Amino acid sequence: MVTATGDRKLPPVVTNNVLRYLLSPPERLVKRYVSSGERAADLGCGAGFHSLAMARIVGESGRVFAVDFDPAVIARLQRRAERRRCQRIITARATSASEIDFIDDGSIDFVLAEGLLCCMSDHAGAIRQIQRILHPRGRAYLSTVKLMRPDDPRTVTREEWEHLLSSFRLLDRGEALMSRWALVGPREGGAPAVGAFRARLGARGPCCC
Ligand SMILES: C[S@@+](CC[C@H](N)C(=O)[O-])C[C@H]1O[C@@H](n2cnc3c(N)ncnc32)[C@H](O)[C@@H]1O
């Protein structure tokens, strides 16, 4: 469902289903980047596919900030966290990833933005927040789907992807048939401002994904 802001909500079953847990368990990704006692942020967290796995890893001495603009998936995540007795580890908020001022500057060891950018239109706003909250030695994992209409405001074109990555230090990157991902850290000497890349692309129509 596409909202008035142009951002896209997904039914929880799309991101939290048995097949995904079997084929691509969340621990496979997050255990590479998160350790006990660390502070992580899951932006565009959905119903907590990765947030709950990160909470298990960071434990009682760590913290996971889970952010999604859809209140329904945040409520679901909170119920799941209570059932797993990790509600004290997870701070879940229904807000846009471009409005996360409740997370302190430079306080996060690992930011996950899996499938976020291609569901929202304010890419620069989200990227600025990721830059702001990342610890100087922190890392962020960004991923986006590739096969979207070029005139969709959520689409991250190859050109824009390179533009967004250029505001970070690139640590690793990859590409599959349907998606691309990158592991990044803050640029030494501070991040350049993320420009209004989309303004150059002109008016855009509705989404097809
Ligand atoms: C493709 S899903 C990925 C969910 C989760 N990261 C996962 O891997 O299971 C994208 C999520 O981004 C959320 N979203 C869309 N626009 C957003 C925004 N502006 N701020 C925060 N979350 C947003 C949607 O509600 C959806 O839950």
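**Sheet edge, strand order and ligand shell**

Asp 172 stands opposite Leu 183, a residue of strand S7. The model is a predicted one. Its sheet is open and consists of seven strands with mixed pairing, in the order S3-S2-S1-S4-S5-S7-S6.

**The edges of the sheet**

- The edge positions are taken by strand S3 (90-94) and strand S6 (169-175); each has a single partner strand, so one side of each has no neighbour in the sheet.
- On average, neighbouring strands of this sheet are turned by 15° against each other, direction ignored.
- Strand S6 is hardly covered, as the count of buried residues among its seven residues is zero.
- Strand S6 and strand S7 (residues 179-185) run antiparallel and are joined by six bridges.

**The S4-S5 pair**

- Strand S4 (residues 108-114) pairs with strand S5 (residues 134-145) in the parallel sense, over six bridges.
- Within this part of the sheet, Glu 114 has Ser 143 of S5 opposite.
- Helix H6 (residues 123-133) packs on the sheet and touches strand S1 (39-43), S4 and S5. The direction of helix H6 makes about 160° with that of S4.

**His 135 and its surroundings**

- His 135 is located in strand S5.
- Is His 135 buried or partly exposed? His 135 counts as partly exposed because it has 17 C-beta neighbours inside 10 Å, whereas a buried residue would need 20 or more.
- His 135 and Ile 108 are separated by 27 residues in sequence, yet their C-alpha atoms are 5.2 Å apart in space.
- When neighbours within four places in sequence are left aside, His 135 is in contact with Gly 106, Ser 107, Ile 108 and Asp 109.

**The helix over S2 and S3**

- Helix H5 (residues 71-83) lies across strand S2 (63-68) and strand S3.
- Relative to S3, helix H5 runs at about 160°.

**The ligand shell**

- The ligand is surrounded by 22 residues, of which the closest are Asp 7, Thr 15, Gly 44, Gly 46 and Gly 115.
- Helix H4 (49-58) and strand S2 are the elements that give two or more residues to this shell.
- Sorted by class, the shell around the ligand comprises 10 nonpolar, six polar and six charged residues.

Definitions and conventions: Residues are numbered from 1 along each chain as its sequence is written. This is a predicted model: local features need pLDDT of at least 70, side-chain atom pairs count only at pLDDT 80 or more; totals for chains, interfaces and linings use all residues. Two strands pair if DSSP finds at least two bridges between them. Helices (H or I, at least four residues) and strands (E, at least two) are DSSP runs, numbered from the N terminus. Axes are lines fitted to C-alpha atoms, for helices over the stretch in contact, and angles run from 0 to 180 degrees between N-to-C directions. Two residues are in contact if their C-beta atoms, placed from the backbone, lie within 7 Å. A residue is near a molecule or strand if its C-beta atom, placed from the backbone, lies within 6 Å of it. Ala, Val, Leu, Ile, Met, Phe, Trp, Tyr, Cys and Pro count as nonpolar, Asp, Glu, Lys and Arg as charged, and the others, Gly among them, as polar. A residue is buried if 20 or more other C-beta atoms lie within 10 Å of its own, exposed if 12 or fewer, and partly exposed in between; C-beta atoms are placed from the backbone.
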